[in-house]
Amino acid sequence: MNTWDVAVTLTNFDWSVFNSIHEQELVYFTFSRHASSGHTVALELLLQRCNEVQLWVMTEVLMCPTLCNRVQLIKKFIKIAAHCKAQRNLNSFFAIVMGLNTAAVSRLSQTWEKVPGKFKKLFLELEMLTDPSLNHKAYRDAFKKTKTPKIPFLPLLLKDITFIHEGNKTFLDNLVNFEKLVSRSSMTEGVEHVSAPSVSSTVDSL
């Protein structure tokens, strides 16, 4: 299976789960993370998938028996990450980049030295989108410019919703804080009514 097909498989799975997430799941998850009572099954599945992809990338690289094989595998994962970005699947894109950036993989200095320059350059460009500085400004700016439909990096979306919920009072002077409710609604409304497109219709230029 080539790298494009692997990215397609990842994206199709993520779309199937993302389409089944209702915006109410984001609210349930934010209010009661430890007692979802089955209300956040799809959301938790996609979060778990993100962690699994990250672990998969790290494990596959570390299990390679030879330096040559590791170099080839890292090249493939960089290409898969780029394809996921092109298919507007930012969830798997982030997971792959984070898997390559784990301490255990990034310490493989001899392996990275053998990675061709063009792949290092591409990976550096991809890394820039995952840069957490300035509250993930690089990612947020790029995501705004990315046309829909698109799959966001779910952990960051949940972090934003949690910040709105915990950082603002629901009532101010015995009155409902509508600004908080509007902010929370604007963060969750993008999940509702997302229809799964074919991969061919979700391709962006890198």
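Predicted model: local features only at pLDDT ≥ 70, side-chain atom pairs only at ≥ 80, totals over all residues.
Local features need pLDDT of at least 70 and side-chain atom pairs count only at pLDDT 80 or more, while totals for chains, interfaces and linings use all residues. Residues are numbered from 1 along each chain as its sequence is written, and side-chain values use heavy atoms, with hydrogens and water left out.

**View 1. Helix 4 packs on helix 8.** Residues 67–86 form helix 4 and residues 117–129 form helix 8 (DSSP runs of H or I, at least four residues, numbered from the N terminus). The two pack at about 45 degrees, with axes 10 Å apart (lines fitted to C-alpha atoms over the stretch in contact, angles from 0 to 180 degrees between N-to-C directions). On the helix 4 side, the contact uses K75, I78, K79, A81, A82 and K85; helix 8 brings F119, L122, F123, L126 and L129 (contact means heavy atoms within 4.5 Å). Sorted by type, that's eight nonpolar, no polar and three charged residues (Ala, Val, Leu, Ile, Met, Phe, Trp, Tyr, Cys and Pro are nonpolar; Asp, Glu, Lys and Arg charged; the others, Gly among them, polar).

**View 2. Zooming in on F123 of helix 8.** F123 is buried, at 6% relative accessibility (buried is under 20% relative accessible area, exposed over 50%, partly exposed in between, with a 1.4 Å probe and protein chains only). Leaving aside residues up to four places away in sequence, F123 touches I78, V97, L100, N101 and W112. K75 sits 48 residues away along the chain, yet its C-alpha is 9.2 Å from that of F123.

**View 3. T146 in the loop between helix 9 (133–145) and helix 10 (154–167).** T146 is buried too, with 18% relative accessible area. A polar atom of the T146 side chain lies 2.8 Å from the backbone oxygen of A142.

Conventions
Polar contact = N/O pair within 3.5 Å; in protein donor to acceptor, adjacent residues only side chain to side chain.
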